[in-house]
Amino acid sequence: MLAEGALAAGCRFFAGYPITPASEIYEVMIRELPAHNGLALSAPDEISSLCYCVGASLRGLKAMTATSGPGWALMIETVQYAMMTEMPVVIALVQRLGPSTGGATQGAQGDIWLAEFSTSGGYTVPVFSPCNAAECYELVQHAFNWSERLRTPVVVLSDKEVGMTTEVVDAAALVRPPIVERSGITGRGPFAPYAFEKPEEVPAFAAVGGDVKVTVTGSAHDQQGRLRKNAPEVIEVLLHLQRKIDAHAEEMALVRPALDPDAHCLLISYGVTARAARQAVAMLRRDGLPVSFLQIQTLFPIPRRTLDWALAGVETVFVAEENLTGQYRAVLAPHLKGKRVLGINKIGSLISPGEIVHALRGARA
Amino acid sequence: MMAEYSYLSPDAKLPYCRGCGHALVVRHLSRALEHLGLPPRSVVLTTDIGCVGLADSLFPYVHTVHTTHGRSTAFATGMALAEPVLKSKGLKPVVLIGDGGAMIGLLHLVHAAQLNVDITVLVHNNFLFGMTGGQHSAFTPLNWVTATTPDGNWTPPLDLLALLRTAHAGFLARQYATDTDLHTVIADAIDFPGFALVEVLELCTAYGTRWNQVTGNSLAEVINRQRYWIGQMEAELERPTFLQLYRHELESRPRSKPEEPEVPPLAAKAQPAEELHLVVAGSAGERVQSAASLFCRAALAAGLYTTQKNDNPVTQGTGFSLAEVCLSPQPIEYTGMESPEVVLAVSQEGWKELEANGTLARCRAETLLILDSELEGSPPAGRVLRFPLRREATPKRAALAGLAAWLTGAFILPSGVWDAGLTSLSGDRRTDAAEAIRIGQQLAERGGARVS
C-alpha cells in the first residue's frame with residue numbers, strides 16, 4: 001500500500017536494494033512504475049539507491065527508495081546531501097529489530113532517533129509514521145507533498161509489522177490528499193538556485209538539463225550556490241534550511257486524537273503500537289475508566305500545538321512504543337513539563353493491548 | 001551567444017597548484033566541449049570531493065553539481081537514468097573525480113559501466129589524496145612515499161581500466177594530462193553513447209613530486225612498470241545503451257499488470273461476533289501461507305476483516321512455515337495474538353516451531369487444535385482433532401484441507417465462501433486448491449477425526 005500511495009503521489013523514479021522487511025515496496029515499484037510512466041531499477045547498494053534518487057530529483061522527478069535500519073545507516077550521507085542541496089526525496093524506512101543486522105523479520109520501533117537525528121547540525125527531517133496499510137497509502141502522499149513543497153528529504157517510518165502484514169483495506173475509505181508539485185521558476189530573469197527573501201521561503205526549482213543554468217552543491221554555499229567560507233550569506237542559508245521546516249511545523253502536524261475531557265491520563269503512541277493502544281483505550285473505557293489517547297502520525301516536526309491542547313487537564317502521560325529506552329518519550333519530554341511521564345516499552349514482540357491496560361491501571365493504583 | 005560556447009575562458013584564473021595536471025584537464029575538457037558544439041545547458045559537470053571539485057566555478061554556462069566524496073558517478077547516473085522518463089533529448093553528464101573518489105566510489109563506476117548509462121567519467125589520477133595532505137590511495141604506485149606510506153607503498157595499485165572492462169564498460173581510455181591530444185579523447189568519450197571513462201594520469205606537485213623522485217617525463221616509467229594500458233582500450237563499444245535496453249524492456253513488457261480477479265462478496269455473512277485468531281503451521285514449500293491467504297480471501301467474501309502474518313526461517317525454502325490470521329467483523333487493530341482460538345498443524349516441523357515460539361504454551365482449554373494424524377505430540381491444553389491430512393490430501397494440500405475440515409464443522413463462515421475465495425486463483429492452482437478443499441470437507445463429514 002505504501003508503493004500504491006507513492007504512485008498516487010506521482011512518484012516517477014525508484015531505486016532500491018533488497019532488505020527485509022522493505023523488499024516488497026521495491027518489488028511492487030519495479031513491477032508497477034513503468035506502467036505509471038516512471039522508472040524503477042535495482043541499485044548495487046543503498047548508497048547508490050539514494051544517490052540515483054537524488055540524481056533523478058535533480059532532473060525534477062519525484063523519487064523514492066525503501067529500506068530498513070541497516071540500509072538507512074548507509075544512506076545518511078546522501079540524506080544530508082539532499083537536505084543541503086534542497087532536493088526532494090522520500091525514503092520509506094521499514095524498521096526491524098536492531099542493532100546491526102538485528103532481527104530481519106522482527107518488528108521494532110527502534111529507529112526513531114536514527115531517522116531524525118542523522119544529520120550533522122541536527123536539522124529537522126520530517127518523519128511520518130503510519131500504523132496500518134491504509135495509513136501507509138495516505139502518509140506517503142503527505143511525505144511526497146511536503147518533500148516537494150519544502151524541497152527536503154522526508155521519511156515514512158513504518159516497521160515490519162506494518163509493512164509485512166497482509167490486511168483488508170477498504171478501498172473506498174482510502175485518503176487521497178491533493179497532490180503538490182515542486183514550485184518551479186517563473187520568468188526568465190536572473191536565477192539563483194537557493195534564492196529566498198525570508199529564511200522560511202523555499203527556493204524555486206530549476207531542473208538540471210533545463211534552460212536555466214543550475215549550480216548545486218552539498219558544501220556550505222550562498223544563495224547563488226557558490227562555495228563560501230565564513231560568509232554571513234552561508235549562515236543565512238543554513239538557518240533557512242531549518243526555518244523553512246519550522247515555519248510549516250503545525251501545518252505538517254497529523255494526529256488522530258481520541259480525547260476524553262474527564263481524563264487525567266493521556267496515552268500517546270504511534271506506528272504499530274498505536275493499534276494496540278487504541279484497543280487498550282476501548283477496553284479501559286468499557287470498564288468506565290476515562291483515558292485520553294493521541295496517535296501521532298507526524299513524529300517530526302513534533303506537533304506541539306496539538307500536544308499542548310491534548311495535555312489540558314492531564315496529570316500523567318504514557319508513551320507506548322516498541323523500543324527499549326523510550327526514544328520518542330525522550331524527545332517529547334521537554335514538552336511535557338509538569339506532568340508525570342511514564343513509558344510502556346518492550347522489544348522483541350508487539351506490545352499488546354493487555355500490557356497497556358495493565359500499565360495504565362497500575363499507575364492509577 | 002558565442003561567449004556561452006567558450007566553456008572556460010582562456011584567461012580564467014585556475015585555482016590549482018603550479019604544475020598540477022588538473023589545470024590541463026579542465027582546459028582539454030573545455031576544448032572538447034567546444035569541439036562537440038554542445039549547447040552548454042545540455043551538459044552537467046558533476047564534481048567529486050577533492051581538488052577536482054574546484055572546477056564547478058570555472059564553467060559558468062554549463063550546469064554544475066558538486067557532490068559528496070566518491071558519489072559523483074552515482075548522482076550523474078541518477079541524472080542520466082531520468083532521461084527516458086523525461087523523454088529528454090539527451091543530457092551529457094561529465095563526472096570529474098579523483099583517484100580517491102574512484103576508490104571509495106568504485107562500485108558506482110562498476111554499476112554505471114554495467115548499466116551503460118550515457119555518462120562520461122574523467123578520473124584525475126594523481127596517485128594520492130591531494131587536498132587532505134597527500135595520503136595514499138588504491139592507485140598509489142608501489143614504493144611511493146605518501147603521508148600514510150612513509151616507508152613506501154607496498155599494496156599493488158588497482159588497474160581501473162582492466163577492472164571496468166570486466167564490468168562491460170563501453171569506452172575506456174587512459175592518457176597523460178600532458179598529452180596534447182587529450183581533448184580529442186575526451187570529446188570521443190563524451191560523444192560516445194554510453195558509459196565512457198578516461199583515466200588521466202597526472203602528478204600532484206604538492207605531494208607526489210615532493211616526496212618521490214618523479215617528474216612529468218619519468219612518470220611514464222612508473223606507468224610502464226605497472227603495465228598500465230595507455231590509449232583507448234578495446235572495450236565493448238557495440239553494447240546497447242541503457243536507454244536502448246530500457247526501451248526494449250518496456251516494449252516487451254505487458255502494458256499493465258493482469259488484474260487479480262475480485263473476490264465476489266457473499267450475501268450470507270460470517271458468524272463470529274468477536275475476533276478470532278488462527279495459527280497455521282507446517283513446512284516450507286507445502287503451501288501453508290498460500291492456504292492461509294486463500295482462507296483470508298474467503299473470509300473477506302463473507303464480510304470479515306482479516307490480517308495475515310507469515311513467518312519462516314531466514315532460508316525461505318526449508319524448515320517451518322507459519323501463518324497467523326486474525327478474523328473480525330470490525331477493523332482489526334492489534335494484530336498479535338495472546339492466545340489463538342484455533343491451531344492447525346500439518347507437519348512435525350510446524351509443530352516444533354509452535355512449541356519453540358510459545359504458541360502451544362499459550363493454548364487454553366477451549367483452544368481447538370487440528371493436527372495431522374501422523375504428527376507426534378500433544379498440547380498442554382486444548383481440544384484436539386486429528387485428520388489424516390497429509391496422507392489423504394498430500395503434504396502440499398494438507399494445510400488447505402485442514403482449514404476446510406475445520407470450517408466444515410465450525411459453521412463460522414457461510415457456505416460458498418470457498419468458491420468465492422477460489423475465484424482469486426486460476427488454472428491448475430485453482431483445480432488443485434478445490435481438490436484440497438473437497439478432501440478436507442470429506443474428512444470432516446466422514447467423522448473420522450480422532451478426538452483426544
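Two residues are taken to be in contact if their C-beta atoms, placed from the backbone, lie within 7 Å. The structure described here is a predicted model. By this criterion, 54 residues of chain A are in contact with 49 residues of chain B.

On the side of chain A that touches chain B, two or more residues each come from α2 (23–32), β2, α3 (46–58), α4 (69–85), β7 (166–167), β8 (215–217), α10 (273–286) and α13 (353–364) of chain A. Helix α3(A) gives the most to this side, with nine residues. Sorted by residue class, the side of chain A that touches chain B comprises 23 nonpolar, 18 polar and 13 charged residues.

Strand pairing also links the two chains. Strand β7(A) pairs with strand β11 (residues 305–311) of chain B in the antiparallel sense, over two bridges. Within this pairing, Gln308(B) in β11(B) is the bridge partner of Thr166(A).

Inside chain A, strand β1 (residues 13–16) is paired with strands β2 and β3. Four bridges join β1(A) to strand β2 (residues 39–42) of chain A, and these strands run parallel. The pairing of β1(A) with strand β3 (residues 63–67) of chain A is likewise in the parallel sense and extends over two bridges. Phe14(A) takes part in the description of both pairings: this residue stands opposite Ala40(A) in β2(A) and opposite Met64(A) in β3(A). Both faces of β1(A) are covered.

In chain B, a contact between two helices was examined. The axes of helix α3 (residues 72–81) of chain B and helix α6 (residues 106–115) of chain B come within 8 Å and cross at roughly 30 degrees. Because angles under 35 degrees count as roughly parallel, α3(B) is therefore roughly parallel to α6(B). The crossing in which α3(B) passes α6(B) is left-handed. On the α3(B) side, the contact is made by Thr73(B), Ala74(B) and Thr77(B). On the α6(B) side, His108(B), Leu109(B), Ala112(B) and Leu115(B) make the contact. Four of the residues in the contact of α3(B) with α6(B) are nonpolar, three are polar and none is charged.

Notes: Residues numbered from 1 in each chain as written. Chains lettered and ligands numbered in written order. Predicted model: local features only at pLDDT ≥ 70, side-chain atom pairs only at ≥ 80, totals over all residues. Axes fitted to C-alpha atoms, helices over the stretch in contact; angles between N-to-C directions. Parallel < 35°, antiparallel > 145°, perpendicular 65-115°, else oblique. Left-handed = near helix turned anticlockwise from the far one by under 90°. Nonpolar A, V, L, I, M, F, W, Y, C, P; charged D, E, K, R; others polar. Buried ≥ 20, exposed ≤ 12 C-beta atoms within 10 Å, placed from the backbone. Pairing = 2+ DSSP bridges.
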